[in-house]
Amino acid sequence: MLFDLLERLSSLTRVWFREHPKLSDLQPIQLSALMYLGRCNRYSNTPLAVTEYLGLTKGTVSQSLKALESKGLLIKTQDTRDKRSVHLELTAPARELLDAVTPPDFLLSAARRMGARSQDLEGLLLELLRNIQQGENVPSFGLCRTCRFHQTVEGGAFCGLTQEPLEPIEVDLICREHALPETTGD
Ligand code: SF4
């Protein structure tokens, strides 16, 4: 039953995106890559991280990233410290496009009609996702502010893993290095 519901919801979402007039020029995988890059932080905007997040082959992702680049939706920049490493930045038109199409209108309207119960549902779905991630040992790609390494140093956000300060906006982005807090086990 749970699986049927999730499958139906993801199918509705796929159809909604496919039929959206602003998205007629984008393949589903290209849209997924854009959505990921719109949500991830500076440690996670690499081709490898996109590949890991989408769970697809390097070749498929690489072709999609090239297509997005040629459409003017993303640009590649070199890492300032590691010249072999590349970062993928969304362009202003890409951010405008994402703002216009996400979250899908049908989902926003339904959540509005459900009122406070939609927040309960969000909490339960997060619990489900965390359970799956812990049980299957898959990367969490979670929100920075919920990470085990997230710290406050001199009043500002700080990453205990990279030992770098974080911008306020970054604490609400997702991260490839995210690790769930350790449970006490009792
Ligand atoms: S605190 Fe965690 S989620 Fe945030 S940047 Fe560091 S490793 Fe990533």
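Reader: What distance separates the centres of domain 1 and domain 2, and how do you know where the domains lie?

Author: This is a predicted model, in which local features need pLDDT of at least 70 and side-chain atom pairs count only at pLDDT 80 or more, while totals for chains, interfaces and linings use all residues. Residues are numbered from 1 along each chain as its sequence is written. The centres, taken over C-alpha atoms, are 20 Å apart, and the division into domain 1 (2-101) and domain 2 (115-172) rests on bounds from an automatic or database domain assignment.

Reader: How do you know which residues are in contact between domain 1 and domain 2?

Author: Two residues are in contact if their C-beta atoms, placed from the backbone, lie within 7 Å, and by contact four residues of domain 1 meet five residues of domain 2.

Reader: What makes a residue part of the surroundings of the ligand, and which residues are they?

Author: A residue is near a molecule if its C-beta atom, placed from the backbone, lies within 6 Å of it; those surrounding the ligand include N41, Y43, C144, C147, H150, C159, C175 and H178.

Reader: What makes residues of this shell nonpolar, polar or charged, and how many are there of each?

Author: Ala, Val, Leu, Ile, Met, Phe, Trp, Tyr, Cys and Pro count as nonpolar, Asp, Glu, Lys and Arg as charged, and the others, Gly among them, as polar; the shell around the ligand therefore divides into seven nonpolar, four polar and one charged residues.
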